[in-house]
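Subject: Handover of a structure and findings

Dear colleague,

Please find below the structure that I am handing over to you. My findings follow directly after it.

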Amino acid sequence: MKTKTAVGLLLAALVATAHAAESPVSGGTLNVALGSDTPIIDPSITGYSVTALITRNVVDSLVGQAGDNRFTPWLALRWEINDNHTQYTFHLRKDVTFSDKTRLDAQAVKYNLDRILDPKTTSSYAKSLLGPIDSITTPDDFTVVIHYKTPFAPLLQGLSLPYLGIQSPTYLKNTPNTSNTVVGSGPFILKSFVKGNGSQLTRRDDYQWGPGYAHHQGPAWLSAINFKYLPESSVRLGALTSGQVQAIDAVPPANVRALQRNPQVSILTKENPGIPRVLYLNTSKGPFSDVNVRQAFLHAVDPASAVKVAFFGTLKPADSVLGPQTLYYDANARVSAAQPAKQLSPGQPLTVHFLYDPASTESADVTLFQAIQFQVKKAGFNLQFDPVDSGIFSARTASNDYDIVSNFYVRAEPDILRTVFHSAYIPPKGANYSHVNALDDKLTLAIGAPDAQRKQIYSDIQRQVIDQAYVVPLYIPAYQLGISKKVQGISWATNAKPNFYDAWLSN
């Protein structure tokens, strides 16, 4: 009996120890190495995905969106939407403060939204998420009502993103340039941001209002998060395997299999919804003003082989303008279903200029672009690369001085198509780099249509974008996070970014 009792006690102790090891531990600094940078940290005035990754920890949103796409309470405890999506009423929590100790109330929310809508703010992406707001009213200190003259169905999804996160009005009113700072009500405080270097975040110990999808409430488990900009793949990889950092993004594709065999490391992957990595062909001038030339270029690109060369099979090639994880994605609106393109007439190669910012472009993407350069040369295109810094990139796109640019947008809502194809967002007003104006009516109709009609409209738009070769789809981005196995509690936001609020470090 004594032996059985001893064994039982030993087993109970082992089980208790195992459960203790699985319980979150408070404290510790998570060091994260990033392969791309952002020139601006204020999420209201940029569409950079790195900004969203960092500031998700600093700013809270009116609503949250869970991994299964449910909308959950956050700064708003509850909300009502009228039948035709022209009025949204949000009832706010009454216990929220910003990190500068000022109160979050209805006027603070209204100030943030009014600032984004102000043309002087240059917040083209955030503004596109809000849609055609008619007015914002505040019936009392903790109620905000957003009014539209025409139906706008995608609002909740946009409000859940960091780009519409709520910042301190006191800070905003007293800070002429918010490019390098942000003050929110989130679980972390931005201690510093240095372009080309990284960001330092420290825990806010009085935080008590996490999103409804989180696994705990109260302060974050981590004491601090340091985001370090390490553009060289080998340096980023070495920092992870040596323990200098506990997480890296943009896992070097050539090293994925080796990392998967490393017992100290895990790779977490989340396929992005939204606009895949595409080439936008400038339809307003030069060679790509001719649809036949655009189609010839589109069909000269073989994404599958180029992606295999650049990403070693770790990513899927794209063949449409929306990723499969996006609402109303149409699997039949593919490049393979487009009308065959005419061949270019014999003669001198057509020179086209590809404008990009190396600081926001990962090395594997450059390899991909080089593979495409070789492919299109056979079809008579002389693809010239124009690598420039972010300031020159903005200036040249604003002055329409380019033939091709490339990016991807992460959003689960198909309204992202309006951001990149409505004429209201032609640079410098936004991200319609293809200078398309033929889709305005459909994009406007879709934002307020019933579900079945929305689905059909977005299907038509996807087909038209491919048929007219406004873009060349390349690959479906996936956020790949290489982490030390000491990192626990990572979850995914619906914009395919890791959430760190629930994360913790095991001993």
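Strands β5 and β7 pair in the antiparallel sense, with five bridges between them. Within this pairing, Phe 90 stands opposite Val 144 of β7. Please note that the model is a predicted one.

The two strands belong to an open sheet of four strands, ordered β4-β5-β7-β6, with antiparallel pairing. Its edge strands are β4 (76-81) and β6 (133-140), each of which pairs on one side only. From one strand to the next, the twist averages 20°.

On one side of the sheet order, β4 is joined to β5 by five bridges, and these strands run antiparallel. Ile 81 has Tyr 88 in β5 as its bridge partner. The hairpin of β4 and β5 has five residues between the strands, and His 85 in that hairpin takes a positive phi near 55°.

β6 is joined to β7 (residues 143-148) by five bridges, again with the strands running antiparallel. Here the bridge partner of Ile 133 is Tyr 148 in β7.

Helix α3 (residues 106-117) lies across β5 (87-92), β6 and β7, and runs at about 165° to β6.

I also examined the second largest pocket, which holds about 400 Å³ of space. It is lined by 24 residues, of which Phe 71, Ala 153, Leu 327, Glu 413 and Arg 454 are the closest to its centre. The elements that give two or more residues to this lining are α5 (155-159) and α15; α5 gives the most, with three residues.

One of the residues closest to the pocket centre, Arg 454, is found in helix α15 (residues 451-467). Is Arg 454 buried or exposed? Its relative accessibility is 4%, which is under the 20% cut-off, so Arg 454 counts as buried. Leaving aside residues up to four places away in sequence, Arg 454 touches Ala 153, Pro 154, Tyr 328, Glu 413, Ala 446 and Ala 449. Among these contacts, Ala 153 and Glu 413 are also listed with the residues closest to the centre of the second largest pocket.

With kind regards

Definitions and conventions
Residues numbered from 1 in each chain as written. Predicted model: local features only at pLDDT ≥ 70, side-chain atom pairs only at ≥ 80, totals over all residues. Heavy atoms only, no water. Buried < 20%, exposed > 50% of the residue type's maximum accessible area, 1.4 Å probe, protein only. Contact = heavy atoms within 4.5 Å. Pairing = 2+ DSSP bridges. Axes fitted to C-alpha atoms, helices over the stretch in contact; angles between N-to-C directions. 1 Å grid on protein atoms, 1.4 Å probe; cavity = no way out; pocket = protein on both sides within 12 Å on 5 of 7 lines; lining within 4 Å. Points joined across faces, edges and corners; volume = space filled by probe spheres on them.
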